[in-house]
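Student: Could we go through the charged pairs in this structure together? I am new to it.
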Amino acid sequence: MIPSDTVTPNTWAFLRDPMIAPTGFREYDARWRYPAEINLPGMTALGLGLGTQMHRRGIAPAIAVGNDYRDYSLAVKQALMLGLIQAGIQVHDIGPALSPMAYFAQFHLDVPAVAMVTASHNPNGWTGVKMGFERPLTHGPDEMAELRDIVLGGQGEARAGGGYARADDVAGAYIDDLCGDFRLSRSLRIVCATGNGTAGAFAPRLLERIGVEVIPLHTDLDYTFPNYNPNPEAMEMLHDMARAVRDHKADLALGFDGDGDRCGVVDDTGEEIFADKVGLILARDLIGLYPGATFVVDVKSTGLFATDPVLAQGGATVDYWKTGHSHMKRRVRDLGALAGFEKSGHYFLAPPIGRGYDCGMRVAVELCRLLDRNPDRTMSDLHAALPLSYTSPTMSPACPDTQKYAVLDRIVARLRRLAADGGSLGGQKITGIVTVNGARVMLANGGWGLVRASSNTPNLVVVCESPESQAELAAIFADLDQVIRTEPLVGAYDQTL
């Protein structure tokens, strides 16, 4: 049955016919407001389409499926699995899980495909699916467009051979894989913050396994998210982590998002360290162990990667690439990079460290290893050793999903004209614009401002950096925002300077 755009909630048809908003098929995963934009029959149609896509691409008909800890995620997963089974796919249900645990299950169960039901860091009221056929990669724009056309075109094909089995041993194997035989040789007291999300079932256990004294912060599972949405890029969660570090005199805080593929860090002084700077700290340590390594960095990240003397001395190659976990995973794989770092808190640690996919738990272990290798240094010492820069949080002004790319195109055109006319941001002349993902406006003193379209929510994304001062950072943002504000469809920011 072809999904209908005429089905609406609280109707007879809503309980019978697929309803799927086309905007839910995004650059590298699927995400909808539930049940306003997709219903359970729609999820079954998605599963049928995904299974059909597997057959068309010659993928062996076996898939690992998991779900995050939200009150509706189990129902959504069951509807998705029904469609996969209808398509002739053998489903291996790993139960409630983290996204990286589902990626790990592909290796552990030796199945080619994965589908993880999660809204990631989005607030309650959202659902979605992260999926992939070629471990450790997940769907990119081409695969998502193909899947969209299959599903919305009613091209899903039912066939025999589907089946269902539970896989109950994945969680233990996942933690074994992360820890190995590593145990801390120094004492570490770590605040473990999960925002009452899925990571609360795994992160404290993981840290205790390697010898950490864990200070739990909202680690009880509660899918109402009574404190705040589990998102370690949001200042609300980072500020809470900072308070806990100061109150408990902890060595650092580690915070995890709703599906555990991102990690946020607060140092021992209670200072929040944005993930791109944490990535630079990790890269500085890793280049000593793996001279000549390549690192991939997303366009939202600090420009310090390109100028850092420690990385240069170690012969590092740095590649700035598109934001988005699927884009980054593929780029790390294609370049044979040791690691990839994204400002949002996704870290992509490739062999021999990790398996190439983004895993907040892997980052937690590797940060503990880093501190264990540097027993006389604190996280604040490592942070203070970085060259100075002033970076904004990731800011997300509202912009409709159906309009945001057109809006962005017009903003980029205005920025190009500003550059051609010898213009500036924050008093610094524009020296170039990198357009691999939106527009990263480069400035004469090494500062920059970025505007791009969010791949997962109805927003634009804005980040700025100054090598000089907080005041210049604010001026860069103000000038960039003035260009953005020429578009009436752009709304309020979720957070700002």
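Predicted model: local features only at pLDDT ≥ 70, side-chain atom pairs only at ≥ 80, totals over all residues.

Student: Which residue does Asp 110 form a salt bridge with?
Tutor: The partner of Asp 110 is Arg 135, and their closest N and O atoms are 3.1 Å apart. Asp 110 belongs to the loop between α3 and β4, while Arg 135 belongs to the loop between β5 and α4, so the pair ties together parts that are 25 residues apart in sequence.

Student: Is Asp 110 buried or exposed?
Tutor: Asp 110 counts as exposed because its relative accessibility is 56%, and exposed means over 50%. Arg 135, at 32%, counts as partly exposed.

Student: What about Glu 233, which residue does it pair with?
Tutor: Glu 233 forms a salt bridge with Lys 300, with 3.7 Å between the closest N and O atoms. This pair links distant parts of the chain, 67 residues apart: Glu 233 lies in the loop between β8 and α7, and Lys 300 in the loop between β12 and α9. Both Glu 233 and Lys 300 are buried.

Student: And where are Lys 329 and Asp 358?
Tutor: Their side chains meet in a salt bridge of 2.8 Å, N to O. Lys 329 is in helix α11 and Asp 358 in the loop between β15 and α12, so parts 29 residues apart in sequence are tied together. Lys 329 and Asp 358 are both buried.

Student: Changing topic, which residues are linked in a network of salt bridges?
Tutor: One such network links Asp 177, Arg 355, Arg 362, Glu 366 and Arg 369.

Key: Residues numbered from 1 in each chain as written. Heavy atoms only, no water. Salt bridge = Lys/Arg side-chain N within 4 Å of Asp/Glu carboxyl O. Helix = DSSP H or I, 4+ residues; strand = E, 2+ residues; numbered from the N terminus. Buried < 20%, exposed > 50% of the residue type's maximum accessible area, 1.4 Å probe, protein only.
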